[in-house]
Amino acid sequence: MPRFSPTVVDHFTNPRNIGQLASANVRAFVGNPVCGDQILLTAHVSDGIVADLRFQAFGCSASLAVASLLTTVLMGESVNLAGTLDADRIEELTGGLAPDQRHVAALAADVAHRLVANFRSGVSDDDPISCAS
Amino acid sequence: MTIPFPAPPDLIYLDHAATAPLCEAAASAIRDGLRLYGNPSSRHDAGQSAHDALVAARGQVAVLLGCAPEEVVFTGGGSEAINLALQGTFAGRRGHLVTTAIEHSAVLECAAALSRRGVDVTVVGPEPSGHVDPARIAAALRPDTVLVSVMHANNETGAVQPVEEITGLAHAAGALVHVDAVQTAGKLPVAGLGADLVSVSAHKFGGPKGIGALRLSEPHTLEPLIHGGGQESGRRAGTENMLGILGMAAAAAYATEHLDNDLTRAAARRLRKRLVDGLSVVGGVRVNADDPVVPETVSVSFDGIRADTLADVLDAQGICVSTGSACHAGQDSPSHVLTAMGVSVEQAKATVRLSFGHGTTAADIDAAVAATVAAVDRLRRVSGTAVSGAS
C-alpha cells in the first residue's frame, strides 16, 4: 500500500505557488515545535478575494503537500473560506493521510485560520520561515 | 497476493547497504533447495542429501570467511551472529567490553544489555572522519578486557575501520576481538581478518534475509543463545534453515569470485566519484566520511533540506535511497553515528545514504544524480533557503 495518496505525491513532487509574494498584504506563519514543520503563506487579498497566494514550507513531504494544496484551494476564493477549513476537510482534500501524517492537516488548517485572522486584524508581518528544524 | 520478482526494471535501487537484491545464483540455489526436504540430522537418504548440501554450503561460506568449515556457525542473520558473539562470550562472566559509538544497534544494544548484567562497557568515540583511532581503543584496554567489538565498515557512512590494527592491539593485551563485517562481506575481503569472531549477514551480499553466520575461530568457545538439539555443533540449536543456508552459500560463492577483481573495485570507486561529483553541483553538499571508505556507500548531507522529504521525493520517481541507516527510518532521532562524529543535528537530519551495488550502472547513477539535484533545488526553493556555492 502506498504511503501517500496520489494527490499528496502530486503536490510534494510538483508543488504549486512556491515563494513569497512581494505584493502581499497579509502573511501567516505556523510552526510545529515538535516535528519542526513550518508553513508561511503570503497573500494579496483584494476586496476580500485571495487574488494571489504563495507558500514556503520546511518539513515532511506531507506538510509540503498540504501547503501547496492549500494555495490551490484558496486562490481566487473569498479569504473567509480559509476560516472554514478544518483538519478533516483538508485531509479529505488530500485524498487521505496515514495516521502519522495527520498532524499536517491540522498544521494547514492552523495556517489557513491564521491567514484570515491576520487579514481581519490587519497583520502583515507574521514571522518569516526558517529552515532550522 | 502478487509479489513482483525481480524488482521493477525502472526502479533505481540505491539502498544496497540496507539490503541487496537477491542474486540469481542465490535464487537458483533456493529453487533447487525446495526439493531438498529432508532434515540434515536424519539418518535416512532424504536427510543425508540435505546433510551433504549443508556441508557443501558451509564450505562455500567458509571460503568467503577464510576459515575452516567447522568454524562457521549459521545464525538467523547478522544481528543474531552479533548477539551470539557478545552474549555468548560474556555468558556467566563479567569483565570488560570495549566497543565504539558508531556500531550498529545490534552491538550497542547488546552492550547495553551486558552492562545491565554487570559487564563493564567502554564505548570509544570516532574521529570526525568517521574512523575510530586505534590509539583510543588501546587507551581503553584494561587487564580485565575480555572482548573488543568493532565494525569493519560503518553501515551509514561506509568508513572502513582500522580493524587489523585494533585486532593486533587487543590481542597483545590478551583480549578477544569481534568484527562486525556485515557491511563488508562480499565487498571487501574478510578472509584475512585476524579477529576471533566475525559476523556476516547474507542479505547484504545477494543472499536471502534471515540467515547469517558467525565465524568462531578455534579455540574460542561460547555459550549458545539457543539451546536444543545440538545443531551447529551445539553452538546454535534448531533445525537448519536450509533454504537460507543454500542461498547464502551461493551468494558467498558469487561474491568470492568477484572479491579480488580489481576491475570490480575500480568500477565501484568510479561510480562513487561520479555520484559525489554529480551531487556536488547543487552546492551545500557534504560527504560524511573520509577515505578509506567502502565506495558503494555514500552518506551525503544537503544544507537546507530535510532528508526524509528528499527521500520521499526520490521514491516517488522510483529512486530508492535511505535516510541514515534503514534501522533509523521512521525515527525522528538523528543518526547516532553522525552525531558521534560531531555532525550537527541539523546536518544529520539533512543526510541521505545512497548505496549502490552489483548491477548498478553509470546510467543509474546519472539518473539518480539528476533527480536528486533537481529535488534538492526545488526543496530549497520551497523553503526559501538560499545556498551559496550552487552552480
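Student: Which residues touch the most other members of the largest nonpolar core?
Tutor: In this predicted model, the largest nonpolar core has 81 residues. Helix α7 (residues 242-259) of chain B gives the most to this core, with 11 residues. The core also draws at least three residues from each of domain 1 (12-16 + 261-383) and domain 2 (24-258) of chain B. The members that touch the most others are B:Val61, B:Ala249 and B:Ala251.

Student: Leaving out residues up to four places away in sequence, what does B:Ala249 touch?
Tutor: B:Ala249 is one of the residues that touch the most other members of the largest core. With those sequence neighbours not counted, its contacts are B:Ala29, B:Ala57, B:Gln60 and B:Val61.

Student: How many residues are in the second, separate core?
Tutor: This core includes A:Cys60 and A:Val66 from chain A. It also includes B:Leu310 and B:Val369 from chain B. Its size is 74 residues.

Student: Is B:Ile245 buried or exposed?
Tutor: B:Ile245 lies in helix α7 of chain B. A residue is buried if 20 or more other C-beta atoms lie within 10 Å of its own. B:Ile245 has 29 such neighbours inside 10 Å, so the residue counts as buried.

Student: What separation do the C-alpha atoms of B:Ile245 and B:Leu54 have?
Tutor: B:Ile245 touches B:Leu54, B:Ala57, B:Phe74, B:Ile211 and B:Glu240, not counting residues up to four places away in sequence. B:Ile245 and B:Leu54 are 191 residues apart along the chain. Their C-alpha atoms are separated by 7.4 Å.

Student: Which element gives the most to the side of domain 1 of chain B that touches domain 2 of chain B?
Tutor: The C-alpha centres of the two domains of chain B lie 28 Å apart. Their contact takes 24 residues from domain 1 and 22 residues from domain 2. On the domain 1 side, the elements giving two or more residues are β10 (297-302) and α10 (336-340) of chain B. The one that gives the most, with 4 residues, is α10(B).

Student: How many charged residues does the side of chain A that touches chain B have?
Tutor: Here 17 residues of chain A are in contact with 14 residues of chain B. The chain A elements that give two or more residues are α1 (6-13), β3 (49-58) and α2. By class, the chain A side has 11 nonpolar and 6 polar residues, and the number of charged residues is none.

Student: What radius of gyration does chain B have, against that of a compact globule?
Tutor: The C-alpha atoms of chain B fill a box of roughly 70 × 50 × 40 Å along the principal axes. Of its 391 residues, 53% count as buried. A compact globule with 391 residues would have a radius of gyration near 21 Å, and chain B agrees with a value of 21 Å.

Student: How far apart are the end C-alpha atoms of helix α5 of chain A?
Tutor: The helix runs over residues 103-121, which is 19 residues. At 1.5 Å a residue the helix should span 27 Å. The end C-alpha atoms agree with this, being apart by 27 Å.

Student: Which elements do the buried residues of α5(A) pack against?
Tutor: The buried residues of α5(A) include A:Val104, A:Leu107, A:Val111, A:Leu115 and A:Phe119. The helix is followed by A:Gly122, whose phi is positive, near 75°. The buried residues pack against these elements of chain A: β1 (26-31), β2 (38-46), α2 (61-74), α3 (80-84) and α4 (87-94).

How values were computed: Residues are numbered from 1 along each chain as its sequence is written. Chains are lettered from A and ligands numbered from 1 in the order in which they are written. This is a predicted model: local features need pLDDT of at least 70, side-chain atom pairs count only at pLDDT 80 or more; totals for chains, interfaces and linings use all residues. The expected span of a helix is 1.5 Å times one less than its number of residues. A residue is buried if 20 or more other C-beta atoms lie within 10 Å of its own, exposed if 12 or fewer, and partly exposed in between; C-beta atoms are placed from the backbone. Two residues are in contact if their C-beta atoms, placed from the backbone, lie within 7 Å. A nonpolar core is a set of buried Ala, Val, Leu, Ile, Met, Phe, Trp, Tyr and Cys residues joined through C-beta atoms within 7 Å. Domain bounds come from an automatic or database domain assignment. Ala, Val, Leu, Ile, Met, Phe, Trp, Tyr, Cys and Pro count as nonpolar, Asp, Glu, Lys and Arg as charged, and the others, Gly among them, as polar. The radius of gyration is taken over C-alpha atoms; the globule rule is 2.2 Å times the number of residues to the power 0.38.
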